[in-house]
Every structure is written in structure tokens, then in C-alpha cells.
Amino acid sequence: MAIVTALRARGAQVAVELDGRAWRTLSVAVVVEAGLATGQTIGREQARTLARVLRRERADALAVRALARRERSRTELDERLARAGVREEDRRKTIERATRARLLDDARYAEMRARLVAARGVGDQLVLDDLARHGVDEALAREAVARLEPEAARAAAVIEARGRSARTLRRLVSRGFSEESLEQLIAELENGALR
């Protein structure tokens, strides 16, 4: 057991002194939530509360840093927090808080990611595969793909840029474009109009 002998404000931080010696500098939020006060004895229960609050603050800080850099799916954020050693329960609660604060939104992520991947000249199937690899629910992925420019129009743009050839057709097929989007080009190849 230890006694809180001083709490010294330092901006948004508080220097905590235990038994007359400097211990740690904590955020004001942690000090308030843990209920630390000068003269208070830190017993086992108080230490557990403080540890829980510190774990939560760390998980939240990791999530905010990760989401400040770029959009992420819930799955990606969960994996990132797990790699950082955040406990499963703390990860779940952090993800819930980030979702409530609208920092994390799988539908928004799916739409952004679908546009990004489609802009690389790929078909709907590769966009769906990419979203699945990033942990996006299939229904959200399909909704995001449905909002894209139609696959046939994206294929036509690639054909326009690369030319009407068997090589272009092979590229489009390898990039996940559906047969329906490529019907005209396939017909021309079968009729001998392309080489």
C-alpha cells in the first residue's frame, strides 16, 4: 500500500507523488476517473481501477493515432490493437467508443477503399476481394461496389487508354473484370477483328 502525497498539475497532466517520491505523470482524465486524491491510500482495489483506466487510455490513444493516419475497418483496427498487446476486452470497448464517436465506420471505409481500388483499373470482383481481405462485411462491400462507376464503363476507359487488343482483354480478365463487361471485346476477338 502507498499513500498519494502530492498531485501537481502540469498542463493537461498531473505529476503523482506516492509516499513522498515522484511516481508517474498521468493525464487529468486518468486521475479523475481513478479517483486519486492527496492523502488517499492506494490499496489493491484502487490499484486495479487505476490499471484498468490506464489500459483503456492507452488503447484509446493507439486507436486515435491509427485512425488519424487513415481510415481503417473495424477488423484492421482490432488487429492493430492486438499487435500492440491490448487485451481483447479493452479492444472491443475501444472499438465501440471509436464507432460511437464516428471515428470508425466500416461503411465509410468500404466506400473509400472501393473507390481507391477501382481507380487502379480493376473489376468489381477484385474490389470485393480486397474489401474482404480488409475485414469488411460482404453486404457493406457489395453496397460500396454498387456505388462505383459501372464496371463496363471502367473497362471501356481501360480499353480506350490501352487499345482494342487481345493483350488488353487478357489484362482486363486478369484484373477481375467480368465477362459481361467485356462482351464487346470478346466478340471482336472471336470474330478475328483483334490480334
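## Helix packing and ring contacts

Arg-55, Arg-56, Ala-59, Asp-60, Ala-63 and Leu-67 of helix H2 are in contact with Asp-90, Thr-94, Arg-97 and Ala-98 of helix H4. Sorted by class, the residues joining H2 to H4 comprise five charged, four nonpolar and one polar. The model described here is predicted.

Two packed helices are described by the distance between their axes and by the angle between those axes. For H2, which spans residues 44-69, and H4, which spans residues 88-100, the axes come within 10 Å and cross at roughly 50 degrees. Angles of 65 to 115 degrees count as roughly perpendicular and those under 35 degrees as roughly parallel, and H2 and H4 are therefore oblique to each other. The crossing of H2 and H4 is right-handed.

| Helix pair | Axes come within | Crossing angle |
|---|---|---|
| H2 (residues 44-69) and H4 (residues 88-100) | 10 Å | roughly 50 degrees |
| H5 (residues 106-118) and H6 (residues 124-133) | 9 Å | roughly 135 degrees |
| H8 (residues 151-162) and H9 (residues 166-174) | 10 Å | roughly 145 degrees |

The axes of H5 and H6 cross at roughly 135 degrees. Only angles over 145 degrees count as roughly antiparallel, so H5 and H6 are oblique to each other. Their crossing, that of H5 and H6, is right-handed. On the H5 side the contact is made by Ala-110, Arg-113, Ala-114, Val-117 and Ala-118, and on the H6 side by Val-127, Asp-130 and Leu-131. Six residues in the contact of H5 with H6 are nonpolar and two are charged, with no polar residue.

The crossing of H8 and H9 is right-handed. H8 contributes Ala-155, Val-158, Ile-159 and Arg-162 to the contact, while H9 contributes Thr-168, Arg-171 and Leu-172. Four of the residues in the contact of H8 with H9 are nonpolar, two are charged and one is polar.

A search of the whole structure for aromatic pairs finds zero. One ring does have a charged group over its face: the charged end of Arg-24 sits over the ring of Trp-23, at 5.6 Å from the ring centre.

Terms used:
Residues are numbered from 1 along each chain as its sequence is written. This is a predicted model: local features need pLDDT of at least 70, side-chain atom pairs count only at pLDDT 80 or more; totals for chains, interfaces and linings use all residues. Side-chain values use heavy atoms; hydrogens and water are left out. Axes are lines fitted to C-alpha atoms, for helices over the stretch in contact, and angles run from 0 to 180 degrees between N-to-C directions. Helices (H or I, at least four residues) and strands (E, at least two) are DSSP runs, numbered from the N terminus. A crossing is left-handed if the near helix is turned anticlockwise from the far one by less than a right angle, and right-handed if clockwise. Contact means heavy atoms within 4.5 Å. Ala, Val, Leu, Ile, Met, Phe, Trp, Tyr, Cys and Pro count as nonpolar, Asp, Glu, Lys and Arg as charged, and the others, Gly among them, as polar. Rings of Phe, Tyr and Trp (its six-membered ring) pair if their centres lie within 6.5 Å; planes under 30 degrees apart count as stacked, over 60 as edge-to-face and the rest as tilted. A charge sits over a ring if NZ of Lys or CZ of Arg is within 6 Å of the ring centre and within 35 degrees of the ring normal.
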